[in-house]
Amino acid sequence: MQRKPRILCLHGFRTSAEILKKLVHRWPPDVLGRLDLVFLDAPFPALGKSDVEGIFDPPYFEWFQANQNFTEYTNVEECLAYIEDYMIKNGPFDGFLGFSQGAVLSAALPGMQRDGLALTRVPKIKFLILISGAKFGWSNFGHHNLTRNAFSSPLEFPSLHIIGEMDFMKPESTVLVQAFVDPFVINHPRGHTVPRLDEKSTEVMLGFIQRIQKTIATDDEQMCSNAET
């Protein structure tokens with residue numbers, strides 16, 4: 001039997017692991033049953049009002065902080081160390097799922113890992129699922145020093161991008177797709193949220209899962225082969 005892809009899930013700005021879990025768990029059982037999803041709270045309590053107050057209960061968290069223009073960031077290094085420490089203690093993980101701020105962060109991780117700037121003590125990231133994501137260094141988001149070269153070359157591994165027609169992040173999410181080779185894309189009619197999956201979106205998602213299962217199987221076989229030699 002193929003093992004389930006193990007995925008670390010990073011929530012949005014000033015929300016929580018529990019909130020993201022509730023939203024993702026609206027996906028069809030045929031999808032959820034094929035994935036091993038682990039939801040992690042960000043390291044920093046929300047420093048201001050959350051957009052989901054009155055909709056979802058607190059507490060709320062954030063991965064890092066930025067100034068109003070998103071040109072300066074704080075606590076990025078601390079955030080990366082926190083994620084890596086969690087992965088060491090609770091891994092291994094195969095890939096990431098991120099929503100909003102969690103997707104912005106997740107999208108930059110493979111390039112930073114490639115360049116030896118982050119996640120150097122854990123296995124290579126094999127795939128990403130990005131919901132309402134964006135690129136550091138594009139449009140509304142400036143670079144952090146660690147992300148400056150994260151997208152310097154195309155990212156050649158499976159990625160799935162979920163983009164809302166009414167999402168204020170749609171332009172950034174659309175540009176982010178172009179940073180990956182052969183991306184999978186799900187478009188939905190809603191705004192800045194984790195959408196339910198209709199029949200067409202479920203087909204795309206299942207196709208993506210089939211793709212990452214092949215990637216994981218190949219990598220696992222290679223690891224076994226290396227261990228034997």
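1. Ser132 lies in the loop between β8 and β9 (159-164), and its phi is positive, about 55°, although the residue is not a glycine. Please keep in mind throughout that this is a predicted model.

2. As background, most residues other than glycine have a negative phi, and most peptide bonds are trans.

3. Pro58 and Pro59 are joined by a cis peptide bond with omega about 10°; Pro59 sits in the loop between β3 (44-45) and β4 (61-62). Another cis bond joins Gly91 and Pro92, with omega about 5°. Here the proline, Pro92, is in the loop between α3 and β7.

4. Asp94, in the loop between α3 (76-90) and β7 (95-99), pairs with Arg3, which belongs to the segment before β1 (6-10). Their side chains meet in a salt bridge at 2.8 Å, N to O, and the pair links distant parts of the chain, 91 residues apart. Are the two partners buried or exposed? Asp94 is buried, because its relative accessible area of 4% falls under the 20% limit. Arg3, at 36%, counts as partly exposed.

5. In total the structure holds 10 salt bridges. One of them is between Asp85 and Lys89, at 3.1 Å, N to O. These residues are four apart in helix α3, which means that about one helical turn separates them. Asp85 counts as partly exposed at 32% relative accessibility, whereas Lys89 counts as exposed at 64%.

6. A further salt bridge joins the side chains of Lys170 and Glu165, at 2.9 Å, N to O. Lys170 is partly exposed, with a relative accessible area of 26%, and Glu165 is partly exposed at 48%. Elsewhere, salt bridges that share partners tie Arg3, Asp94 and Lys126 into one network.

7. Gln210 and Arg34 are 176 residues apart in sequence, yet their C-alpha atoms are 9.4 Å apart in space. For the chain as a whole, take the contacts between residues at least 6 apart in sequence: 74% of them join residues at least 24 apart.

8. Now the overall picture. The protein chain has six helices and 10 strands, and its C-alpha trace spans about 55 × 40 × 30 Å along the principal axes. How does the radius of gyration compare with that of a compact globule? The chain has 17 Å, which agrees with the value near 17 Å for a compact globule of 229 residues.

9. Lastly, burial, surface and charge. Of the 229 residues, 51% count as buried. The chain exposes about 11400 Å², and carbon and sulfur atoms supply 51% of that area. There are 22 positive and 27 negative charges, whose mean positions are 2 Å apart.

Key
Residues numbered from 1 in each chain as written. Predicted model: local features only at pLDDT ≥ 70, side-chain atom pairs only at ≥ 80, totals over all residues. Heavy atoms only, no water. Helix = DSSP H or I, 4+ residues; strand = E, 2+ residues; numbered from the N terminus. Rg over C-alpha atoms; globule rule 2.2 N^0.38 Å. Buried < 20%, exposed > 50% of the residue type's maximum accessible area, 1.4 Å probe, protein only. Contact = heavy atoms within 4.5 Å. Areas by Shrake-Rupley, 256 points an atom, 1.4 Å probe, with all protein chains shown as cover. Lys, Arg positive; Asp, Glu negative; His and termini not counted. Charge placed at Lys NZ, Arg CZ, Asp CG, Glu CD. Salt bridge = Lys/Arg side-chain N within 4 Å of Asp/Glu carboxyl O.
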